[in-house]
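Please keep the model in view while reading.

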Amino acid sequence: MLTAAVVGAVLVLGYAATAAALGRLNVSAPLAFVVAGSVLGFAGDPRSAQDVVWIRAVADGTLALILFHDATRASPRELRAASGLVLRLLLVGWPLAVLAHFLTARVAFPDQPVMLSLFVAAALAPTDAGLGAPTLLNPAVPVRIRAVLNAESGFNDGLATPVALFAIAALAGSGSGRPAASTMDALGELAVGCASGAVVGVAGAVVLGWSRRHGASTPSGRSLGLLSLPILSFGGAEMLHGNGFVAAFVAGLAFAAAAGWLRKEESVLRLTEGAGELLGSGTWLVFGLVAVPQLWRAVGWREVFFALLSLTVLRMVPVALSLARSGLQPATVAYLGWSGPRGLATVVFTLLAVESLQLDGVTRRALLAVALTVLLSVVAHGVTAEPLARRYGRWVQLRRPALETGVAAEPRPRGTLARRGRR
């Protein structure tokens with residue numbers, strides 16, 4: 001464990017020293033660390049990485065931090081402007097994507113149990129906007145489109161979690177963890193996550209705001225207090241049998257809405273941002289260390305075919321159907337459809353399955369398909385995000401489509417966390 005930490009620290013230092021140069025080559029942080037982990041995995045014994053029991057906790061914490069931080073950067077005005085499009089993607093596009101993945105998995109892998117196909121569908125439905133960070137960072141991309149992608153990636157993690165847990169529990173037979181036994185249970189988890197996250201976010205904003213007004217705290221102290229909020233929201237929701245990822249995202253939204261002083265002191269977000277980047281780097285490093293050597297040895301044409309469909313047709317068609325007659329231009333619909341990379345949420349779900357299930361041949365092949373989809377997404381979306389953002393931005397400047405450019409105010413720069421790739 002100590003050796004792994006030292007190697008990881010050296011790689012983080014190396015990336016920090018070359019981030020700008022790698023960015024000019026369209027090499028994102030997730031791609032860099034997956035490649036580094038892959039090299040280590042092929043050079044050594046990747047099986048030893050499976051003994052690192054803290055990797056799931058790191059992945060959970062990373063995703064919670066990123067969801068919280070991204071939510072604090074989305075202003076209520078941005079979310080109100082994008083709410084109609086976000087609801088279309090979540091209530092129509094997301095179920096269609098799950099159904100499309102489920103049916104395709106049944107065809108591509110006919111020997112899979114039904115619940116294993118459901119798990120694959122749920123694990124691949126969430127998106128990770130951080131892997132396409134230039135979309136969130138490029139001011140040429142309309143603020144409404146950025147807000148849509150940011151909110152969608154935050155909430156669809158929460159929608160997918162009860163479905164993935166239900167499928168894992170059904171496959172495990174006796175049940176493991178805390179299964180979502182019914183639709184009502186799943187909705188209850190989401191409701192508890194939303195409620196507990198809102199309470200933590202508002203309470204944190206009130207407490208830190210009071211201490212700031214009365215001179216009882218320092219900026220560094222408030223930054224440390226802010227770092228505790230995603231941990232409190234995630235852990236509190238899990239203790240109450242709620243959805244911790246939804247709680248972390250809602251806590252960020254509630255904190256941003258209640259903390260009017262945050263706009264004057266955005267520096268307090270830097271510690272949360274940095275912690276998310278560091279944990280994210282470790283998660284992607286271990287993913288490359290463990291998953292890529294396994295994929296190289298065992299992946300077949302079925303897994304490749306399924307992964308390619310997942311990143312294209314199975315994402316883009318549901319998005320197009322959900323946004324039909326929305327007023328968005330076809331170029332925007334296509335851009336939103338492609339901007340759906342798979343990232344940390346999918347990795348977390350895969351780790352849960354590995355921990356809970358017996359890995360027979362059928363189950364292993366399903367998890368390989370999921371891992372391959374994430375790997376291809378890291379490469380494809382990492383390489384294309386910046387060029388496509390620039391090209392789409394130029395198209396918007398030329399055409400000035402009304403719905404896409406309907407928000408007058410531009411968002412604040414989102415900082416470096418969006419570069420990390422979830423996230």
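A residue is called buried if its relative accessible area is under 20%, exposed if the value is over 50%, and partly exposed in between. By this criterion, 54% of the 423 residues of the protein are buried in this predicted model. The secondary structure consists of 16 helices and 0 strands. The protein has an accessible surface of about 17600 Å², and carbon and sulfur atoms account for 69% of that area.

Attention may now turn to a pair of helices. Two packed helices are described by the angle between their axes and the distance between the axes. Helix α11 spans residues 270–298 and helix α16 spans residues 361–399; their axes come within 10 Å and cross at roughly 120°. The crossing of α11 past α16 is left-handed. On the side of α11, the contact involves Trp284, Phe287, Ala291, Val292, Gln294, Leu295 and Ala298, while α16 contributes Arg364, Leu368, Ala371, Leu372, Val374, Leu375 and Val378. Of the residues in this contact, 12 are nonpolar, 1 is polar and 1 is charged.

Helix α16 also holds glutamate 386. Is this residue buried or partly exposed? Its relative accessibility is 26%, so glutamate 386 counts as partly exposed. The C-alpha atom of glutamate 386 lies 9.7 Å from that of serine 28, although 358 residues separate the two along the chain.

Conventions:
Residues are numbered from 1 along each chain as its sequence is written. This is a predicted model: local features need pLDDT of at least 70, side-chain atom pairs count only at pLDDT 80 or more; totals for chains, interfaces and linings use all residues. Side-chain values use heavy atoms; hydrogens and water are left out. Helices (H or I, at least four residues) and strands (E, at least two) are DSSP runs, numbered from the N terminus. Buried means under 20% relative accessible area, exposed over 50%, partly exposed in between (1.4 Å probe, protein chains only). Accessible areas come from the Shrake-Rupley method with a 1.4 Å probe; for residues, only the protein chains shown count as cover. Axes are lines fitted to C-alpha atoms, for helices over the stretch in contact, and angles run from 0 to 180 degrees between N-to-C directions. A crossing is left-handed if the near helix is turned anticlockwise from the far one by less than a right angle, and right-handed if clockwise. Contact means heavy atoms within 4.5 Å. Ala, Val, Leu, Ile, Met, Phe, Trp, Tyr, Cys and Pro count as nonpolar, Asp, Glu, Lys and Arg as charged, and the others, Gly among them, as polar.
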